[in-house]
Amino acid sequence: MMFVAQPFRAARAAPVAQPFRAAAASGRPKGLRYKAPGRPKGLRYNAPGRPKGLRYKAPGGPKGLRYKCLFGLAMVGLASSAPANDTLTAIRGIRVGHYTLVERPTGCTVILVDRGAVAGIAQRGAAPGTRETDRLHPTNAADRVDAIVLSGGSAFGLDAANGAARWLDERRAGVATNGARVPIVPAAVLIDLWVGGKPLVRPAADCGYRAAANATVRPVAEGSVGAGAGATVGKLLGRDRAMKGGIGSASVTLANGLQVAAIVAVNALGDIVDPHSGAVVAGARGDDGSFADARRLLRSGATTVLSSLPAENTTIAVVATNARLTQAQATGLAQMADAGYARAIVPVHTIADGDTVFALATGSWRGTADVTTIGALAADAVAAAIVRAVRQATTAGGVLAVRDLPQ
């Protein structure tokens with residue numbers, strides 16, 4: 001008899017063997033269970049002498065695994081259960097907190113890095129609103145950050161970073177100087193002032209402080225919260241044909257331990273498309289309420305708001321990995337991750353978008369992976385997070401969400 005490790009996923013219960021019925025044929029070895037005809041697949045065998053239907057932990061085995069007793073079989077379990085956390089906080093040392101101003105709505109999101117992280121940035125949109133991003137270029141002095149802030153509220157929302165910095169300062173985090181430690185907190189904002197009809201309600205320092213205080217390692221809340229609370233998409237035919245954007249997160253974990261993840265606040269001018277099928281997920285709607293499809297609109301020469309549109313959009317993201325990277329490599333990671341925007345947003349990087357991607361490398365994984373692999377995985381995570389953002393969004397501020405479309 002031997003014990004074989006089976007990955008344990010708390011988020012999804014494993015199939016449990018049902019008590020043996022009389023369907024087992026006579027003369028079969030004692031102690032084994034057999035699936036009766038017509039019973040569901042996935043029942044497991046039980047070794048003699050052990051209580052039925054249980055799993056066991058082998059002495060000295062690593063924590064977090066459960067072991068299944070197998071009689072006379074040398075086999076490795078290949079469980080395909082989804083991980084308990086497939087968001088940005090799956091990466092150890094990263095916490096995420098939201099604070100939402102529900103009266104408009106708008107809000108901010110703070111990504112905390114417990115021991116600081118090497119950071120980089122890619123900025124492709126023509127109308128960005130950012131803070132402390134010049135420090136992240138490889139030629140400049142600061143290569144580590146303590147937090148990243150994503151916020152609604154246009155330029156006013158940059159004040160949220162001051163609140164996050166104050167929260168970190170109270171905990172003596174930051175770069176050591178002769179006088180005190182100084183937290184490094186870059187930020188980017190999206191423009192949502194028109195949503196909800198109360199433009200004076202916008203994230204300020206208190207919002208950033210509260211979001212930092214709310215930060216947790218639990219799976220990231222997605223949809224119409226934090227920086228995604230007032231986000232919208234699909235505005236080529238005007239605001240009255242737009243749909244609700246939001247904030248989404250996704251992660252990729254390889255068998256060797258490498259992790260790559262993303263969080264994206266989606267407030268694009270363009271439509272959101274499924275990168276696998278090419279179908280519109282959320283976007284500008286025609287007179288009958290169906291998707292107009294930005295690709296068809298642009299090719300048909302139809303009148304859109306592109307020519308006179310103010311810069312009231314922007315998609316902002318943070319990608320992270322547990323790999324060890326230099327600042328130049330982190331910048332390359334951000335640049336490659338930006339490709340995820342192009343897979344899921346049409347059109348992307350317009351003159352009315354301030355699209356920005358931050359990259360973080362915590363260095364907690366001691367394996368080796370090249371930046372090309374990490375960047376390719378990051379682009380996948382970004383595209384997946386964009387789609388999740390709109391699918392998890394709820395109708396707010398008078399803007400319809402995907403989940404509320406007539407079936």
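## Positive surface patch

Arg92, Arg115, Arg324 and Arg366 gather on the surface in a patch of positive charge. Patch members have over 30% relative accessible area and no salt bridge; like charges are joined within 9 Å, and nonpolar side chains (Val, Leu, Ile, Met, Phe, Trp, Tyr) within 5 Å. Lys and Arg count as positive, Asp and Glu as negative, while His and the chain ends are not counted. Each charge is placed at NZ of Lys, CZ of Arg, CG of Asp or CD of Glu.

Arginine 92 sits in the loop between β2 (65-70) and β3 (94-101). Its relative accessible area is 62%, so arginine 92 is exposed. Here buried means under 20% relative accessible area, exposed over 50%, and partly exposed in between (1.4 Å probe, protein chains only).

## Basis of the model

This is a predicted model: local features need pLDDT of at least 70, side-chain atom pairs count only at pLDDT 80 or more, and totals for chains, interfaces and linings use all residues. Residues are numbered from 1 along each chain as its sequence is written, and side-chain values use heavy atoms, with hydrogens and water left out.

## Overall make-up

The protein has six helices and 18 strands. These are DSSP runs numbered from the N terminus: helices are H or I with at least four residues, strands E with at least two. Of the 407 residues, 50% are buried.

The accessible surface is about 18,400 Å², and carbon and sulfur atoms hold 53% of that area. Areas come from the Shrake-Rupley method with a 1.4 Å probe; for residues, only the protein chains shown count as cover. Among contacts (heavy atoms within 4.5 Å) between residues at least 6 apart in sequence, 77% join residues at least 24 apart.

## Salt bridges

Side chains of opposite charge can pair when their charged atoms come close. The structure holds 15 salt bridges, each a side-chain nitrogen of Lys or Arg within 4 Å of a carboxyl oxygen of Asp or Glu. Asp86, Glu222 and Arg388 are linked in a network of such bridges.

Arginine 210 bridges to aspartate 206, with the closest N and O atoms 2.6 Å apart. Both belong to helix α2 (residues 205-214), four residues apart, about one turn of the helix. Arginine 210 is partly exposed at 38% relative accessible area; aspartate 206 is partly exposed at 41%.

## Bridges across the sequence

Arginine 241 pairs with aspartate 287, the closest N and O atoms lying 2.6 Å apart. Arginine 241 is in the loop between β10 (232-233) and β11 (243-244), and aspartate 287 in the loop between β15 (280-282) and α3 (294-300), so the bridge ties together parts 46 residues apart in sequence. Arginine 241 is partly exposed at 22%, whereas aspartate 287 is exposed at 74%.

Aspartate 274 and arginine 391 form another salt bridge (3.6 Å, N to O). Aspartate 274 lies in the loop between β14 (271-273) and β15, and arginine 391 in helix α6 (residues 371-392), so this pair ties together parts 117 residues apart in sequence. Aspartate 274 is buried at 14%; arginine 391 is partly exposed at 42%.

## Around helix α2

The buried residues of α2 are Ala205, Cys207, Gly208, Tyr209, Ala211 and Ala212. Their cover includes β3, β4 (106-123) and α1 (160-170).

Leucine 193 is in the loop between β9 (187-189) and α2. Not counting residues up to four places away in sequence, leucine 193 touches Arg104, Gly153, Ser154, Phe156, Pro199 and Arg202.
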